[in-house]
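Biologist: I would like to learn how to read a model like this one. Please take me through it feature by feature.

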Amino acid sequence: MTEESILSQRGPAWRRLEELTAKAGHSFKRLHDDELEEFVRLYRQTSADLAFLMTRSSNDAVVEYLNAIVGRAYSQLYREPYKPWAKRFQDSLYAAADTVRRRHKAVFLAIGIFFAAMVTTSGLLSYSDDFRQFYIPQDPAMRQNFEKWKSGEFDPRTEGESSLATFFYASNNPRVSIVVHAISVLSFGTYSSYLIWQNGSLLGALGHEMAGVGKLGYLVVSIVPHGVTEIGGIFMSGAGAFVLAWALIFPGRRTRAEALRIAGKDAFVLVMLSVVMTLMAAPIEGFFSFDPRIPAPFKALVGVVTLGGWIAFFAGYGRSRQEALVE
């Protein structure tokens with residue numbers, strides 16, 4: 001078949017393929033069964049025409065035109081099926097829970113470092129006051145914050161103050177998680193370990209001071225409502241850094257580039273989970289945790305329910321789906 005005959009005979013078919021591609025939009029559900037069959041037939045025919053003209057034709061304009069038509073049709077034919085927002089949300093939840101389960105060693109490492117620092121600091125301060133210079137903050141602002149905690153009182157916030165605090169937590173904490181993760185990867189996870197230890201040590205020091213004035217319970221009920229989620233976000237950010245650091249140091253039989261590519265997917269999920277968790281904690285911290293008008297038992301209940309909810313989510317969400325995929 002000559003170039004001229006192809007141009008004269010196939011032109012209507014090419015235009016028809018364009019029409020069907022445009023009509024399909026983001027889903028083939030917009031096409032009737034006969035139109036879908038026609039679409040596939042025209043796509044194959046037009047692809048063959050393009051292959052022929054690319055080797056035989058000197059008409060670059062026609063080749064470019066056909067290449068664009070086939071490209072759009074190919075994208076339509078092999079694109080990922082459209083998912084409603086509810087389905088995408090469910091998939092995101094599954095990816096988060098599944099990643100935490102598969103990377104539980106990295107998560108437990110972050111948790112272990114945090115609580116080891118907290119227990120070690122509290123133990124050393126209980127053993128000797130000589131350690132106070134190392135673990136009790138000497139910065140005037142931090143010292144004042146410690147004394148405020150030890151007083152066992154927080155002034156009620158106005159709605160504006162609570163909103164401002166929430167905005168600060170929501171804008172600062174996720175940003176810190178991302179920056180810390182990036183630096184930790186460059187330091188092979190050591191910076192992440194240091195920051196997790198530092199946070200645990202600070203909480204251990206504050207806990208020791210509060211216990212000394214008989215207000216340890218006050219500290220716990222003031223922190224757990226938002227702390228379960230916020231500190232959990234710190235664990236996820238640290239775990240993401242550990243996952244990448246492990247791939248860098250111990251790539252196994254893979255090249256480091258390949259090991260990083262595979263680990264990077266899970267690390268990204270963990271860091272995004274960290275961002276979401278710190279965002280979720282912001283309004284709780286801003287409006288709820290430090291409000292003296294809310295009874296302490298209710299704060300404790302919220303903390304326990306939140307902890308139970310996260311454990312149930314990470315341990316159980318999507319397990320039936322995962323088992324189905326394995327089978």
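Modeller: Start with helices: helices (H or I, at least four residues) are DSSP runs, numbered from the N terminus. This is a predicted model, in which local features need pLDDT of at least 70 and side-chain atom pairs count only at pLDDT 80 or more, while totals for chains, interfaces and linings use all residues. Residues are numbered from 1 along each chain as its sequence is written, and side-chain values use heavy atoms, with hydrogens and water left out.

Biologist: How far apart are E258 and R261 in helix α11?

Modeller: About one helical turn, because E258 and R261 are three residues apart in helix α11. Their side chains meet in a salt bridge, 2.7 Å from N to O.

Biologist: What counts as a salt bridge?

Modeller: Side chains of opposite charge can pair when their charged atoms come close. The criterion is a side-chain nitrogen of Lys or Arg within 4 Å of a carboxyl oxygen of Asp or Glu. A search of the whole structure finds 13 salt bridges.

Biologist: Is K23 buried or exposed, or in between?

Modeller: Buried means under 20% relative accessible area, exposed over 50%, and partly exposed in between (1.4 Å probe, protein chains only). K23 is partly exposed at 37% relative accessibility, whereas E35 is buried, with a relative accessible area of 11%.

Biologist: Which residues have the most contacts inside the largest nonpolar core?

Modeller: A nonpolar core is a set of buried Ala, Val, Leu, Ile, Met, Phe, Trp, Tyr and Cys residues joined through side-chain atoms within 4.5 Å. The largest has 27 residues, and those with the most contacts inside it are V100, M236, L273 and F314. Two or more residues come from each of α4, α5 (104-127), α10, α11 (256-289) and α12 (296-316). The largest share, nine residues, is from α10.

Biologist: What does F314 touch?

Modeller: Contact means heavy atoms within 4.5 Å. Leaving out residues up to four places away in sequence, F314 touches A97, V100, R101, M236, L273 and M277. A second, separate core of 17 residues includes A13, A24, Y43 and L53.

Biologist: Where does E285 lie, and what is in contact with E285?

Modeller: E285 lies in helix α11 and is buried, with a relative accessible area of 9%. Aside from neighbours within four places in sequence, E285 is in contact with R157, Y169, N173, H226, E230 and F290.
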